[in-house]
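Please read them beside the sequence and the structure.

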Amino acid sequence: MSEEILKALMQLFGLIAKQDGGAESNETEYVRVFLEQQLNAEAVEEYYALFLKHSTDRKGGKDEEEGKVRLTSMKDSVRILGICKKINKQLNREQKVVVLVRLYELVNADHKFTEQRMAIINTVADVFKLPRNEISHIENFVIKNEADSLILRS
């Protein structure tokens, strides 16, 4: 995976993880293990720091009322769209599917399938111009662990 794509993926991971109360321990562990599989120890720390930078809320934590849902900020939405458009040009179809799988795996790490997180994943899929039925198959495979859902039926 190229450096630019990996940086973009860390930013997307961070922006997704910071939704709805922030990154959970299983999500941060997923990111660390993912990086350890891709890189040497020194590079892992660099990319992990990038993830942490994008996964924290700059406003200082959980100051919202208990149970109140905070929408994705306009700034984050624009950033997500920009990242997707930038990497979309550099990825082939199979690489786009891999990125989408990784995003679903991140959300699946803590089973936090919130509206905001899923909307971000849907935005990524839309920018990548992946067909809805393919997105549904990917989601079923990752989240429900249904390998049979990958078989395309005519």
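1. A contact, as used throughout this note, means heavy atoms within 4.5 Å. Among the contacts in the chain between residues at least 6 apart in sequence, 74% join residues at least 24 apart. The structure is a predicted model, in which local features need pLDDT of at least 70 and side-chain atom pairs count only at pLDDT 80 or more, while totals for chains, interfaces and linings use all residues. Residues are numbered from 1 along each chain as its sequence is written, and side-chain values use heavy atoms, with hydrogens and water left out.

2. On the overall layout, the chain has 7 helices and 0 strands, and from the N terminus on its elements run α-α-α-α-α-α-α. Helices (H or I, at least four residues) and strands (E, at least two) are DSSP runs, numbered from the N terminus. Of the 154 residues of the chain, 43% count as buried, where buried means under 20% relative accessible area, exposed means over 50%, and partly exposed lies in between (1.4 Å probe, protein chains only).

3. The largest nonpolar core has 44 residues, and those with the most contacts inside it are Met10, Phe13, Val31, Leu35, Leu100 and Leu103. Such a core is a set of buried Ala, Val, Leu, Ile, Met, Phe, Trp, Tyr and Cys residues joined through side-chain atoms within 4.5 Å. Two or more residues of this core come from each of helix 1, helix 2, helix 3 (41-55), helix 4, helix 5 (93-109), helix 6 and helix 7 (132-143), and helix 1 gives the most, with 10 residues. Leu103 touches Leu9, Leu12, Phe13, Ile16, Ile121 and Val124, not counting residues up to four places away in sequence.

4. How do helix 1 and helix 6 pack, and at what angle? The angle is about 150°, with their axes 9 Å apart; the axes are lines fitted to C-alpha atoms, for helices over the stretch in contact, and angles run from 0 to 180 degrees between N-to-C directions. Helix 1 and helix 6 are therefore roughly antiparallel to each other, since angles over 145 degrees count as roughly antiparallel, those under 35 as roughly parallel, those from 65 to 115 as roughly perpendicular and the rest as oblique. Leu12, Leu15, Ile16 and Ala17 in helix 1 meet Arg117, Ile120, Ile121 and Val124 in helix 6. The residues of this contact divide into 7 nonpolar, no polar and 1 charged, where Ala, Val, Leu, Ile, Met, Phe, Trp, Tyr, Cys and Pro count as nonpolar, Asp, Glu, Lys and Arg as charged, and the others, Gly among them, as polar.

5. Helix 5 also packs on helix 6, their axes coming within 10 Å and crossing at roughly 175°, which makes helix 5 roughly antiparallel to helix 6. On the side of helix 5 the contact is made by Leu100, Leu103, Tyr104 and Val107, and on the side of helix 6 by Arg117, Met118, Ile121, Asn122, Val124 and Ala125. These residues divide into 8 nonpolar, 1 polar and 1 charged.

6. Ala125 lies in helix 6 (residues 115-127) and is buried, with a relative accessible area of 0%. Not counting residues up to four places away in sequence, Ala125 touches Leu100, Leu130 and Ile135. Ala125 and Leu100 are 25 residues apart in sequence and 7.0 Å apart in space, C-alpha to C-alpha.

7. Turning to charged pairs, a salt bridge is a side-chain nitrogen of Lys or Arg within 4 Å of a carboxyl oxygen of Asp or Glu, and by this rule the count comes to 10 salt bridges. Asp76 forms one with Lys18, the closest N and O atoms being 3.0 Å apart. This pair links distant parts of the chain, with Asp76 in helix 4 (residues 74-88) and Lys18 in the loop between helix 1 (3-17) and helix 2 (25-38), 58 residues apart. Asp76 counts as buried at 5% relative accessibility, and Lys18 counts as buried at 17%.

8. The side chains of Arg117 and Glu27 also meet in a salt bridge (2.2 Å, N to O), linking helix 6 with helix 2 across 90 residues. Arg117 is buried, and so is Glu27. In the salt bridge of Asp126 with Arg132 (2.4 Å, N to O), by contrast, Asp126 is partly exposed at 45% relative accessibility, and Arg132 is partly exposed at 47%. Salt bridges that share partners join Lys18, Asp76 and Arg79 into one network.
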